[in-house]
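Dear colleague,

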Amino acid sequence: MWIGTWIASDRQMNYPQTMKIILESSNEHKKKEIEQLFIGHEILLPKDLGISFDCEEDGITFIENAMIKAKALLDAAKGTKAQGIPVMADDSGLIVDALPDQLGVKTARFGSPDGKTILGAKEKYTLLLSRMEGLSQEKRSARFVCAMVLRKDEWTTYCVQESAEGRIQEQPEGENGFGYDPVFYCNEAKSPMALLPEGDKNLYSHRGKASRAMLKLLS
């Protein structure tokens, strides 16, 4: 199911019944961001429950990869104390129009010399800036995309996808957020993403929009 852009403040939201959710991630930054969006719900990481698993993200779209990760986590939880707890996975990335096929679902591995070694965030966005050097503002268009999948069980799956439109700046700016935020100017916020306070970023970010769309589906 495709959910279009939908924005509401926390005070306007009617949240679904409180529940535990296992987030397919080991990233504490992502957990913190999701906790700020899924207010009242308990967000757990697999490591919190002693779950160890791995899966190959070989989908060609964000939604395919999110589905793959959610299924792998649901399967890994079987027979453990985590069985029966809904699982959630997201796949997100940066699409840069001037660099087709270089980022997208491969965003996390951008610049990797062997396809496995992951560069640090500053290394990746510095490389991105170098490859776009000299391009005009009109040719620097980009968007963050987030596909989010929540599986309650084998038969019940919710899926949404949202984006944040913007452009790649010529220089990094700001220290908030993570990943490519310092070089991404968000059109809707009229600000570089890394200059936005955490609460404001959630209003405009791809993950914030996808989280609100998911909560609306669950309500």
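The sulfur of C146 lies 9.9 Å from the closest cysteine sulfur, which belongs to C159, and this is too far for a bond. A disulfide would require the two sulfur atoms to be within 2.5 Å. A search of the whole structure accordingly returns zero disulfides. Please bear in mind that this is a predicted model.

I turn next to the aromatic residues. The search of the whole structure finds one aromatic pair. Its members are F144 and F184, whose ring centres are 4.5 Å apart; the planes stand at 55 degrees, so the pair is tilted. The edge-to-face class would need an angle over 60 degrees, and the stacked class one under 30 degrees.

This pair links distant parts of the chain, since its residues are 40 apart: F144 belongs to strand β4 (residues 141-151), and F184 to strand β6 (residues 184-186). F144 is buried, with a relative accessible area of 5%. F184 is buried too, and its relative accessible area is 0%.

One further contact involves an aromatic ring: the charged end of R167 sits over the ring of Y185, at 4.0 Å from the ring centre.

With kind regards

Key:
Residues numbered from 1 in each chain as written. Predicted model: local features only at pLDDT ≥ 70, side-chain atom pairs only at ≥ 80, totals over all residues. Heavy atoms only, no water. Phe/Tyr/Trp six-rings, centres within 6.5 Å; stacked < 30°, edge-to-face > 60°. Helix = DSSP H or I, 4+ residues; strand = E, 2+ residues; numbered from the N terminus. Buried < 20%, exposed > 50% of the residue type's maximum accessible area, 1.4 Å probe, protein only. Lys NZ or Arg CZ within 6 Å of the ring centre and 35° of its normal.
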